[in-house]
Amino acid sequence: MSALARWCYRHRLVVVLLWLAALVGLGVLSQTAGSAYKDAFSLPGTESTKALQLLQKSLPAQSGDTATVVWRAAAGGTVRDDAVRRKMTATLATISKLPSVTSVTGPYDGRRGARQISGDGRTAYAQVGFDKTGDKLAKTDVQRVIDTAEAARGDGLRVELGGNPISQVERTPPGNSELIGVAVAAIVLLLAFGSLFAMLLPIITAIAGVGSGLMLVGLLTHVVTIGQIGPTLGALIGLGVGIDYALFIVTRHRTGLKDGLSVEESVVKAIDTSGRAVLFAGGTVVIALLGLFVLGMSFLNGMAIASAVTVVCTVLAAITLLPAMLGLLKTRVLSRRERRRLGAHAGGAARPDVWTRWAGVVERRPRTLSAVALVVIAVLCVPVFSLRLGSSDAGNNPTSTTTRQAYDLLAEGFGPGFNGPLQLIAETHGAADQQAFTRLVGEVSRTPGVAAAAPMPAQPGATVAMAQVIPTTSPQSAKTSDLIDRLRHDVVPAAERGTSMRVYVGGPTAIFDDFADVLTGKLPLFLGVIITLGFLLLMLAFRSLLVPAIAAVMNVLAAGASFGVVVAFFQWGWGSEPLGVGAAGPVEAFLPVIMLSILFGLSMDYQVFLVSRMHEEWVHSGDNRRAVTVGQAHTGRVITAAATIMIAVFVAFVFGGQRVIAEFGIGLSAAVALDAFILRTILVPAAMHLFGRANWWLPSWLDRRLPHLSVDPPEERPIDAGTPLEPVSH
């Protein structure tokens, strides 16, 4: 690291120009090649996937996604009025001729269409069938459908559109969230450093890293499948960690200057100490994100790639671009007052600050403070026991969107379950199976929780029969999930007995329900993998058993408490309505695994920065009490400042209007706040005071067999790790 830092310092202008050239080159490539973000996921082996595969094989024209055009007549009128009828009939006829549209079934199509008009006659809908699923449809084709339908608005007639294809086109990343987060970060940095240049460096470094990362991600979309949420998630994580990584290095450099080092030696030492910690911490974040691949789901793989690439670029910017810029600015990273004092007070003892005094309090009262902190964490963990994973629907979209308004119109006119119909897909062999399927549809219509069930028209000689089932509850309701289970485990198996038909319960609502079940089942495995991985990495870095064990426990506590906050905000609805992201509903099914991987990385960041400073002092003094106190005192200010910046960045994304991103923003900001202000400020140092010298013990036989992966500079040699040590009693 020292050689890299010295080269970047001595060739600082070249490094800056190389970064500028890279950014410009990536920008040109991105503009030329464009991007191909695509929301797609597969659930091999699930019943809903089998139903979809059967449709794609036997009835390809009906296996695509469906959109809904909803219209509502003005007060005092009905959708049967001649003017409304003529306008909407012409509109639907135009839509039926658009590219990718396979069918349009409207309310004016004979007796069957009469069911598509509400009881009060004011609301009607038409179903638009596409030839592909939403993730494979050309956005321009869907946009033509939207434009054609919306052109019919006027004279009191409301026309809205819903369905997955419409959501795919409508969904856009938040526009100014990043700018808000960066602005708040700038204020915090200016207050912390008192220097404009010191404030700008972390922001410029993070923007360079995130910008290059997101452009690379856009290019990668032509090679791998990455969803539309990928760049937003990458920007959220990249900005948070990027500013923090640069902050840690700049802080260490400023300390070196104040201690009387030359600019070059201070830069080299900052990169060789804090830079090593950044490299290690960034590596753990990337490994944790790529750990999502063990779940075997392409949808999550795309998110992992987008986030990991962005983090890699922020780390590269921190260890190459930042030392070059530090070399260009020289001592101007200090405030004017600090520069005036530089000569007179170089190397002098600093006055005790609030963090030095707080470290002393933790040293004297580890048991009491630990008990208070654990009570706070336990209270925040309570809601997590009612966690319900699922998928939010259009009812959680901003009220200004057409999908939300279509959802509300359909729920008001036809009932809440109308927004999430289920499908019965049967593979039949002969007339007997067809009759059995007809009887099944009748039995389903009488099943509690079903508002209506009706067979779909079948083509002559078809071996696949279909029926639509309308639940009495909304798609995201727990009762709808219970209905899916009841149909699959009780009603359908009873109808299959004595026949050769095989019936599957499918449709978008069932797909998302299966998605939640699959992820819930794999969650323990994923949690075990990342905890084990974190334990091994920290054991290699600090040659200790207790340090990684403490970190593992803290990671679980932080995750539990942050999930508790998410449940209270979004599932219980305490904060979702005020935030403008819809009513109470289930937590997104993929949120826990993504959040766990991110939290693992972020927790490791703070653990590494805190414990590496403690370990550095332990190597020099061999005094655990001094090592823990000095390490906490020296890192407390920068960790809490970094956490404040990261919280500001995460919270800024909450106001982008997307429920999924809002869940990430609230969950991650809560986790960072708990991690920095409770776990790393109280619990970790208190536990290390209680364990004493045993913190740094590793059996000699294990120490000899483990590869060396040190966060400390190479010239520092730890004391013998194999000597049995006793905890210090307090």
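Strands here are DSSP runs of E of at least two residues and helices are runs of H or I of at least four residues, both numbered from the N terminus, and two strands pair if DSSP finds at least two bridges between them.

Residues are numbered from 1 along each chain as its sequence is written, and side-chain values use heavy atoms, with hydrogens and water left out. Because the model is predicted, local features need pLDDT of at least 70 and side-chain atom pairs count only at pLDDT 80 or more, while totals for chains, interfaces and linings use all residues.

Another open sheet of four strands has the order β7-β8-β6-β9, and its pairing is antiparallel. Here β7 (450–455) and β9 (502–506) stand at the edges with a single partner strand each, so one side of each is left without a neighbour in the sheet. From one strand to the next, the twist averages 20 degrees. Six bridges pair strand β6 (residues 422–427) with strand β8 (residues 464–471) in the antiparallel sense, and Leu 422 has Val 469 in β8 as its bridge partner. Helix α3 (residues 47–58) packs on this sheet and touches β6, β8 and β9, with a direction at about 110 degrees to that of β9. Contact means heavy atoms within 4.5 Å.

Turning to helix pairs, the axes of helix α4 (residues 82–96) and helix α6 (residues 139–150) come within 9 Å and cross at roughly 165 degrees. This makes α4 roughly antiparallel to α6, on a scale where angles under 35 degrees count as roughly parallel, over 145 as roughly antiparallel, 65 to 115 as roughly perpendicular and the rest as oblique. The crossing of α4 and α6 is right-handed; a crossing is right-handed if the near helix is turned clockwise from the far one by less than a right angle, and left-handed if anticlockwise. Thr 91, Thr 94 and Ile 95 of α4 meet Val 145, Thr 148 and Ala 149 of α6. The contact of α4 with α6 thus comprises three nonpolar, three polar and no charged residues, where Ala, Val, Leu, Ile, Met, Phe, Trp, Tyr, Cys and Pro count as nonpolar, Asp, Glu, Lys and Arg as charged, and the others, Gly among them, as polar.

Helix α18 (residues 478–496) and helix α19 (residues 508–542) pack with their axes 10 Å apart, at an angle of about 95 degrees; α18 and α19 are therefore roughly perpendicular to each other. Thr 480, Ser 481, Ile 484 and Arg 488 of α18 make the contact with Thr 509, Ala 510, Asp 513 and Asp 514 of α19. By class, the residues of this contact of α18 with α19 are two nonpolar, three polar and three charged.

For helix α20 (residues 546–571) and helix α21 (residues 591–621), the axes come within 9 Å and cross at roughly 135 degrees, which means that α20 is oblique to α21. The contact involves residues including Val 547, Ala 551 and Phe 563 of α20 and Leu 591, Met 595 and Phe 600 of α21. The contact of α20 with α21 has 12 nonpolar, four polar and no charged residues.

The mean pLDDT (the predictor's confidence in each residue, from 0 to 100) is 84 for the protein, and 91% of its residues reach 70 or more.

Technical notes: Axes fitted to C-alpha atoms, helices over the stretch in contact; angles between N-to-C directions.
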